Amino acid sequence: MESWNQTSTDAARTHAPSTVNRRIDAHVESCVRCMAERADRAEMSRYLDKLEREWEMHRAVAVGGSALALAGLLLGRRDGHGWRMLSGVTLALLLQQGLTGFGPLSAVVRALGVRTRREIDLEKFAIKALRGDFERIPNDGGPLARANAALVAAQS
């Protein structure tokens, strides 16, 4: 199941190291396989609720960058201009993030394992498919085959 998420063209996956992408993909695969093995609709629903609350990469970058810039302004007011430089650099990095979809702040957040909205949605759709929300997932072939089919269905 190595290539199920190779069609993604978002900037985060393109610019992130392949090791980071593989680690995130492996986490998704593991979770989907676990849900396929357990086949518990109530547990799947609880897990889907958790995924709904998960912060995606752009939100984490926006909140983290804004907090860093605000801290630089507040500390610069009290302790000098060096801290204001932190605010300026952070705001420039946030601008780059907004214009290109990826930047140094994204690389840090991504390395921490924060996923893109598309990656979270892909896992959600795979779990929904396992739960029976869609008709494309076969019931035969065991949990691994069902997990693979759910991940492929979520991609389409």
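At 4% relative accessibility, Thr-116 counts as buried, where buried means under 20% relative accessible area, exposed over 50% and partly exposed in between, computed with a 1.4 Å probe on protein chains only. Thr-116 is found in the loop between helix H6 (104-111) and H7, helices being DSSP runs of H or I with at least four residues, numbered from the N terminus. Leaving aside residues up to four places away in sequence, Thr-116 touches Asp-10, Ala-12, Glu-56, Met-57 and Arg-110, a contact being heavy atoms within 4.5 Å.

This is a predicted model, in which local features need pLDDT of at least 70 and side-chain atom pairs count only at pLDDT 80 or more, while totals for chains, interfaces and linings use all residues. Residues are numbered from 1 along each chain as its sequence is written, and side-chain values use heavy atoms, with hydrogens and water left out.

Asn-21, in helix H2 (residues 18-38), is likewise placed among the buried residues, with a relative accessible area of 8%.

Two helix pairs can be set out together. Two packed helices are described by the angle between their axes and the distance between the axes. The axes here are lines fitted to C-alpha atoms over the stretch in contact, and the angles run from 0 to 180 degrees between N-to-C directions.

| Helix pair | Angle | Axis separation |
|---|---|---|
| H4 (residues 57-79) and H5 (residues 82-100) | about 160 degrees | 7 Å |
| H3 (residues 41-53) and H7 | roughly 165 degrees | within 10 Å |

The angle between H4 and H5 makes H4 roughly antiparallel to H5, a class that takes angles over 145 degrees, whereas those under 35 count as roughly parallel, 65 to 115 as roughly perpendicular and the rest as oblique. The residues of the contact of H4 with H5 divide into 11 nonpolar, 8 polar and 3 charged; in this division Ala, Val, Leu, Ile, Met, Phe, Trp, Tyr, Cys and Pro count as nonpolar, Asp, Glu, Lys and Arg as charged, and the others, Gly among them, as polar.

H3 and H7 are also roughly antiparallel to each other. On the H3 side the contact involves Arg-41, Met-44, Ser-45, Tyr-47, Leu-48, Leu-51 and Glu-52, which meet Ile-120, Glu-123, Lys-124, Ile-127, Lys-128, Leu-130 and Arg-131 in H7. The residues of this contact of H3 with H7 divide into 7 nonpolar, 1 polar and 6 charged.

Helix H7 (residues 117-131) also holds Leu-122, which counts as buried at 3% relative accessibility. The C-alpha atom of Leu-122 is separated by 9.4 Å from that of Val-152, although the two residues are 30 residues apart along the chain. Gly-142, in helix H8 (residues 142-155), counts as partly exposed at 28% relative accessibility, and its C-alpha atom is separated by 8.2 Å from that of Glu-37, 105 residues apart along the chain.

Finally, a search of the whole structure finds 0 disulfides, a disulfide being a pair of cysteine sulfur atoms within 2.5 Å. The cysteine sulfur closest to that of Cys-31 belongs to Cys-34 and is 7.1 Å away, too far for a bond. Cys-31 is buried, with a relative accessible area of 15%, whereas Cys-34 is partly exposed, with a relative accessible area of 24%.

How values were computed. Helix = DSSP H or I, 4+ residues; strand = E, 2+ residues; numbered from the N terminus.
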